[in-house]
There are 2 protein chains.
Amino acid sequence: MDIHALTRELHTKSDSKIVLLVADGLGGLPMSAGGKTELESALKPNLDALAKVGVQGGSIPVCPGISPGSGPGHLGLFGYDPVQYLIGRGALEATGIGFPMEPGDVAARGNFCTLDADGKITDRRAGRIPSEESAPLAVKLREVKIPGCQTFVEPVKEHRFVVVFRGPGLAGAVKDTDPQTTGVAPLAAEATDESSRQMADVANLWIAAATKLLAGEKKANGLTLRGFAARPNLPSYEEVYGLRAAAIAVYPMYKGLARLVGMDIVGQAGALAEQMTILEQHWSKYDFFFIHFKYTDSTGEDGDFPAKVKKIEEFDAAIPRVVALKPKVLIVTGDHSTPSYLKSHSWHPVPTLLVSDCCRPDGHTTFGENTAVHGGLGQFEAKYLMTLALANAGRLAKYGA
Amino acid sequence: MDIHALTRELHTKSDSKIVLLVADGLGGLPMSAGGKTELESALKPNLDALAKVGVQGGSIPVCPGISPGSGPGHLGLFGYDPVQYLIGRGALEATGIGFPMEPGDVAARGNFCTLDADGKITDRRAGRIPSEESAPLAVKLREVKIPGCQTFVEPVKEHRFVVVFRGPGLAGAVKDTDPQTTGVAPLAAEATDESSRQMADVANLWIAAATKLLAGEKKANGLTLRGFAARPNLPSYEEVYGLRAAAIAVYPMYKGLARLVGMDIVGQAGALAEQMTILEQHWSKYDFFFIHFKYTDSTGEDGDFPAKVKKIEEFDAAIPRVVALKPKVLIVTGDHSTPSYLKSHSWHPVPTLLVSDCCRPDGHTTFGENTAVHGGLGQFEAKYLMTLALANAGRLAKYGA
């Protein structure tokens with residue numbers, strides 16, 4: 001079901017505010033059966049106080065058993081079906097480094113490589129050239145000009161960079177030019193559908209000119225492009241929900257994802273306390289705030305159970321400043337679970353807490369994985385969280401008479 | 001959503017083993033409100049011990065309120081959408097008697113009937129001719145040869161048999177030849193789409209020759225064909241999950257269903273203990289084992305509550321031998337509920353238990369219908385069980401970056 005077909009038609013104007021607090025990778029696991037999870041182990045008086053007046057549920061990021069990356073994880077939370085709206089590799093890479101892709105843009109991941117005198121690849125990663133050597137080369141590639149098409153090149157790390165093509169008639173169905181082996185020349189860019197022909201032509205012109213510019217380099221005298229992808233065509237928060245939305249995030253990836261759905265990126269936060277200050281400063285200007293907290297995920301990825309517990313406690317300590325603003329709807333969740341036990345993203349339902357004056361509290365007095373899956377929201381696909389938020393905010397009219 | 005589009009892309013190699021223990025018709029009902037179900041009444045220390053370290057859920061075979069037959073019940077458990085992948089009657093009948101249908105084969109259910117001198121049906125079931133009289137007649141029909149097409153005839157029971165057509169260009173959209181009444185001749189086989197024309201022509205040739213062979217029989221001097229159906233085109237376990245899968249089943253139907261998804265049928269088991277021995281013998285050769293226990297269903301169908309309780313206890317006693325093999329993932333479930341109270345398959349969620357080191361235990365200490373629906377897996381469509389199994393087995397990569 002296309003939930004946006006409903007929200008587009010039903011959303012109404014209101015002054016109510018919604019806050020979506022995302023603790024990345026919030027859900028966890030006990031280190032052994034019978035134990036507690038990170039969230040259950042944390043001292044979190046503020047979240048527990050919210051649990052008493054809120055309703056919990058287990059948010060399933062994609063579908064049972066599927067562990068999402070940050071892209072599909074956040075799209076789901078934002079209310080976009082993460083299978084329907086796939087963000088291609090190139091577009092995600094550009095998004096992840098904070099490049100503001102526009103509709104129609106096509107991005108590709110670039111690799112510097114080493115070519116021999118015959119133009120054949122001898123090293124697909126240019127000897128893993130260090131970033132301080134490769135970044136100036138990426139910047140140099142900005143000199144390449146293709147008629148009728150703007151190009152943007154951004155360094156990433158070591159041998160990697162991103163190139164974004166902007167112009168009329170471009171599309172992303174273009175094969176990788178990386179032959180995945182050495183001893184052969186890079187492949188020509190080749191369109192796999194009619195509408196991507198022009199993109200392939202532009203890419204080949206750009207590659208030829210860029211390779212000429214790199215001539216004389218010892219390590220990085222060639223390049224390949226992979227993962228061509230157009231900016232996904234996501235309808236905006238304004239359009240589907242009628243929300244003026246702001247994102248308060250630290251890392252480029254999450255700012256980028258928020259930008260893709262039309263959120264404004266506000267403030268230049270470093271720490272959580274700064275994010276709270278930015279929230280307070282922008283409170284009157286937006287209807288919806290997405291606040292992203294990274295460190296519950298990174299400590300989970302490190303497999304550091306006590307550190308993740310500590311980060312949850314830090315996150316908890318910031319809650320009163322959000323509550324003090326009296327949002328009509330406050331949601332605490334994660335884009336996926338990142339159990340320290342697995343040191344990776346996982347498929348487990350994410351403990352999710354929704355507080356509003358009309359949320360039908362479920363009687364739980366603490367917030368955790370096992371209270372969540374037995375909570376009043378049950379287990380639900382993440383993509384329905386936004387509909388629940390709008391409903392609790394009094395921002396959805398009745399469906400049908 | 002086509003879950004196999006995800007699993008096909010995401011499955012990874014691993015040494016981990018998955019065991020799917022299916023107690024057919026496991027779920028039940030109390031005989032009166034407030035009472036216990038068969039599973040809740042059974043003394044089942046081994047299942048209860050697993051409950052303490054596992055996570056439970058209620059598996060919905062098709063969708064709420066729909067009671068499945070064995071075909072859709074098992075397809076769901078195997079991870080195939082039971083509405084998308086329908087097994088036609090003829091193909092299910094052939095599968096059920098253990099006939100190994102190949103891709104492109106078309107099967108039909110045959111009925112012997114009695115014809116009068118004018119070729120009109122006087123008895124649609126040939127006087128319910130006993131199996132010992134009808135089986136030799138079915139075997140005799142193997143003499144019928146149709147150019148360009150192989151045919152296979154298998155006796156079933158009383159007036160029933162199965163015929164399978166094998167050859168190029170056959171398809172299953174052919175109407176029944178049984179007029180569903182007496183006093184008229186059997187109908188000609190008639191295709192309902194262009195691609196089934198040849199099948200109808202072959203069927204008519206076969207029917208004419210077969211009827212000639214039966215001339216002189218007193219009861220069974222004619223026949224009708226019903227439920228033409230091609231072998232369903234199910235992608236294999238190897239393809240969609242990357243699993244080398246083995247089935248350890250006693251009854252032909254379940255072996256047949258397993259064969260349809262590409263499982264190897266291993267061993268010649270009679271009792272559950274023999275199935276366990278076969279499991280032990282084949283442990284190193286496969287990634288996935290489907291073990292089918294029939295008697296929880298048959299006792300339920302008989303409406304024999306105490307007998308079903310006893311069969312559950314028998315099933316429970318076999319658990320330690322599975323646990324001793326240390327599968328990475330152990331699942332206990334049923335293909336549907338068969339409450340003794342209803343004496344039939346039912347729609348109720350099937351108590352399902354999943355045990356792995358990363359399953360997020362839900363704190364239950366016994367296994368039963370009411371713990372299951374309040375379990376950590378919640379209520380879920382059966383088709384997601386395989387995705388959960390793969391995830392818990394560490395056999396699925398992250399979706400998206």
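This is a predicted model: local features need pLDDT of at least 70, side-chain atom pairs count only at pLDDT 80 or more; totals for chains, interfaces and linings use all residues.
Me: In what order do the strands of the open sheet of chain B stand?
Reply: The open sheet of chain B has 8 strands with mixed pairing. Strand E9 (264-265) and strand E13 (378-381) of chain B stand at its edges with a single partner strand each, so one side of each is left without a neighbour in the sheet. The order is E9-E8-E10-E1-E11-E12-E2-E13.

Me: Which residue is the bridge partner of B:Leu20 in E10(B)?
Reply: Strand E1 (residues 18-23) of chain B pairs with strand E10 (residues 288-293) of chain B. The two strands pair in the parallel sense, over 6 bridges. Within E10(B), the partner of B:Leu20 is B:Phe290.

Me: What angle does the direction of helix H10 of chain B make with that of E10(B)?
Reply: Helix H10 (residues 272-282) of chain B packs on the sheet. The strands that H10 touches are E1, strand E8 (245-248) and E10 of chain B. Its direction and that of E10(B) make an angle of about 175°.

Me: Which residue of chain A stands opposite A:Gly58 in E13(A)?
Reply: In chain A, too, 8 strands form an open sheet with mixed pairing, and strand E9 (264-265) and E13 are its edge strands. Strand E2 (residues 55-60) of chain A runs parallel to E13(A) and is joined to it by 3 bridges. Opposite A:Gly58 stands A:Gln379.

Me: At what angle to E1(A) does helix H12 of chain A run?
Reply: Helix H12 (residues 305-323) of chain A lies across strand E1 (18-23), strand E10 (288-293) and E11 of chain A. Another helix, H3 (residues 45-53) of chain A, packs on the sheet and touches E2, strand E11 (329-333) and strand E12 (350-355). The angle of H12 to E1(A) is about 170°.

Me: How many residues of strand E7 of chain A are buried?
Reply: Strand E7 (residues 222-230) of chain A pairs with strand E3 (residues 106-115) of chain A in the antiparallel sense over 7 bridges. In this pairing, A:Thr224 is the bridge partner of A:Asn111. E7 is mostly covered, and of its 9 residues the number buried is 7.

Me: How many residues apart in sequence are the parts tied together by A:Lys383 and A:Asp81?
Reply: A:Lys383 and A:Asp81 form a salt bridge, with their closest N and O atoms 3.1 Å apart. A:Lys383 is buried, at a relative accessible area of 10%, and a network of salt bridges links A:Asp81, A:Glu381 and A:Lys383. A:Lys383 lies in the loop between strand E13 (379-381) and helix H14 (385-392) of chain A, and A:Asp81 in the loop between helix H4 (70-77) and helix H5 (89-96), so the distance bridged in sequence is 302 residues.

Me: Are B:Arg166 and B:Asp105 buried or exposed?
Reply: The side chains of B:Arg166 and B:Asp105 meet in a salt bridge, 2.8 Å from N to O. B:Arg166 lies in strand E6 (residues 160-166) of chain B and B:Asp105 in the loop between helix H5 (89-96) and strand E3 (106-115), so the pair ties together parts that are 61 residues apart in sequence. Both residues are buried.

Me: What kind of rotation axis relates the two copies?
Reply: Chain B superposes on chain A through a rotation of 123° with 0.1 Å of shift along the axis, at an RMSD of 0.3 Å. In chain B, the C-alpha nearest the axis belongs to B:His374, 3.8 Å from it. Only 4% of the interface residues of chain B are also interface residues in chain A, so the copies meet through different surfaces. The copies are related as by an axis that is three-fold.

How values were computed:
Residues are numbered from 1 along each chain as its sequence is written. Chains are lettered from A and ligands numbered from 1 in the order in which they are written. Side-chain values use heavy atoms; hydrogens and water are left out. A salt bridge is a side-chain nitrogen of Lys or Arg within 4 Å of a carboxyl oxygen of Asp or Glu. Helices (H or I, at least four residues) and strands (E, at least two) are DSSP runs, numbered from the N terminus. Buried means under 20% relative accessible area, exposed over 50%, partly exposed in between (1.4 Å probe, protein chains only). Two strands pair if DSSP finds at least two bridges between them. Contact means heavy atoms within 4.5 Å. Axes are lines fitted to C-alpha atoms, for helices over the stretch in contact, and angles run from 0 to 180 degrees between N-to-C directions. Copies are superposed by least squares on the C-alpha atoms of residues with pLDDT of at least 70 in both.
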